[in-house]
Amino acid sequence: MAPQREWLEKDFYKELGVASDASANDIRKAYRKLANELHPDKNPGDTAAEERFKRVSEANSVLSDPEKKKEYDETRAMFAGGRFRGGNGFPGGFSGSGGGTTYTTTGGDFNLDDLFGSGGGDGGLGDILGGMFGGGGGGAGRTSTRGTTGTRPRRGQDLEAETTLSFRDAAQGTTVSMRVTSPSPCTTCHGSGAKPGTAPRVCARCNGSGFVSRNQGAFGFSEPCRDCQGTGSIIESPCPDCSGNGVQVRPRNINVRIPVGVEDGQRIRLAGQGEAGMRGAPSGDLYVTVHVTGDKLFTRSGNDLKVELPVSFSELVLGATVSVPTLDGSVGVKIPPNTADGRTLRVRGRGVPKRAGGSGDLLVTVKVSVPTSLDEKATEALKAYAEAEKATGYDPRSGWGR
C-alpha cells in the first residue's frame, strides 16, 4: 500500500505529542521520552503499550527523516484547505463511514480506493501522488512497467537507545553490551517471508519493481502494483512464524564499541542494527546516545584533561616535584619555585586520547592547602618565618584596595 494513502489516516505529530512546526530536536526528545516509557522490556505482556511503541516508532521514522517529513507534510496539506468536510480526525476534514473507505465531500460520496487509483479507474489521486513523489511514465496511451532498478526495498526504521558510561570509560573507549527488543529478521525464513523450502517469486505484472506506470494525456503517472501490493514479489507460501513479513519482534544482544573520547550526549550510529526491513529489505540504523557520569578527580575541556592538585605553601615557594594521577597511571609534575596559587601547569600528551591518534594535554591547577592544625614546634617555626618575612619588607596587600 502506498505510504501516501496510509499517512492520510495517521497523525504522527499527535502520536509524539508535538506541534506540526516542532523542531527536529523537539521531535527527537519527544520520541526518546515515549520510547523509554513504552519499551516492551519495561512493559512485559502489555500489548497496548507494545502497539503504542510501534506507532511512536513509525511516527519518529517519518518525522526524523527530512525527506519523509517533507513528503508527509505535503501529502496531508493537499487535504487541509477545506476541500473536504467532516471530522473523525482525518486531515482536511474527512467524514468517514465503513471503516475508513468511503467519505463525504462537498460534492457527494467518494471511495478512497478510487481516489488513490486502486479502484480500477484512471487518473486517481494515487497517480498524481505517484508522479509527485517519484513516479515515472510509459508509452502514450498504454500501461507500462518500470525495470527492476526503478525502486528499492523499503528499509527498516531507525532505532534509538541510551547507555551510561563512567568518565574514564568514555575517555578511553570501551565495549558495552545492550539488549534491544525490536523487529528483527525472522529466524525461520531468514527474512524472506516465505515458508522454508519455498521462495518468493518475482511479480509478473511489475517485473519486480513494485510499481506500474501509465500515461494519461500529457502526463505520466505511477502507482503501486496491485498484484504484489508494491513489494515487487509474491509469496505463495508465507512463513508460519512471521506471516510472510520476514520479521519478528524479539530481544537481541548487541555489542556496541564506544570510541575513545566520546562526550556526554553524543550519538553513535550503528549501521544496519535498527529494525529489520520487510522481506529482506535493508535494516535501519541504531543510534545510541551516550550519557557520561562525572568523575571525583577529573574534568574535561575537549581532549584536555583537567585536575586540581592540592599543594602546601612551602611547595609553592620552594618548588617541588609531585606525583599526579592520569587516566593510565601517574606522572611527575615539577612545580617551579615561587609558583602562584591557582596557576595551571600543562603536561603534554597525558590527556584524553584522540580518535585520529595522540592525546590531549593534562592541565594541572595548583591549589594551596591550609593545614587545619599545627603542633607547637610547627607553630613556633611558622611564627619565626612570619617575623622574618616582615623584616624583608614584604607586604602581600601592597597596593591592594587603593
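Me: Before we look around, what counts as a helix or a strand here?
Reply: Helices (H or I, at least four residues) and strands (E, at least two) are runs assigned by DSSP, numbered from the N terminus. This is a predicted model, where local features need pLDDT of at least 70, side-chain atom pairs count only at pLDDT 80 or more, and totals for chains, interfaces and linings use all residues. Residues are numbered from 1 along each chain as its sequence is written, and side-chain values use heavy atoms, leaving out hydrogens and water.

Me: Okay, what comes after α10?
Reply: Gly-393 follows α10, and its phi is positive, near 90°.

Me: How far apart are the end C-alpha atoms of α10?
Reply: For the expected span, take 1.5 Å times one less than the number of residues. The 16 residues of α10 should therefore span 22 Å, and the 23 Å between its end C-alpha atoms agrees.

Me: Where is Val-370, and is it buried or exposed?
Reply: Buried is under 20% relative accessible area, exposed over 50%, and partly exposed in between (1.4 Å probe, protein chains only). Val-370 sits in the loop between β19 (362-368) and α10 (376-391), and counts as exposed because its relative accessibility is 65%.

Me: How many residues of β13 are buried?
Reply: In β13 (residues 286-292), 5 of the 7 residues are buried, so to speak mostly covered.

Me: And which strands pair with β13?
Reply: Pairing takes at least two DSSP bridges between two strands. β5 (residues 159-165) runs parallel to β13, with 7 bridges; Ala-161 stands opposite Val-288 there. β12 (residues 267-270) is antiparallel to β13, with 4 bridges, and Arg-267 has Thr-289 as its bridge partner.
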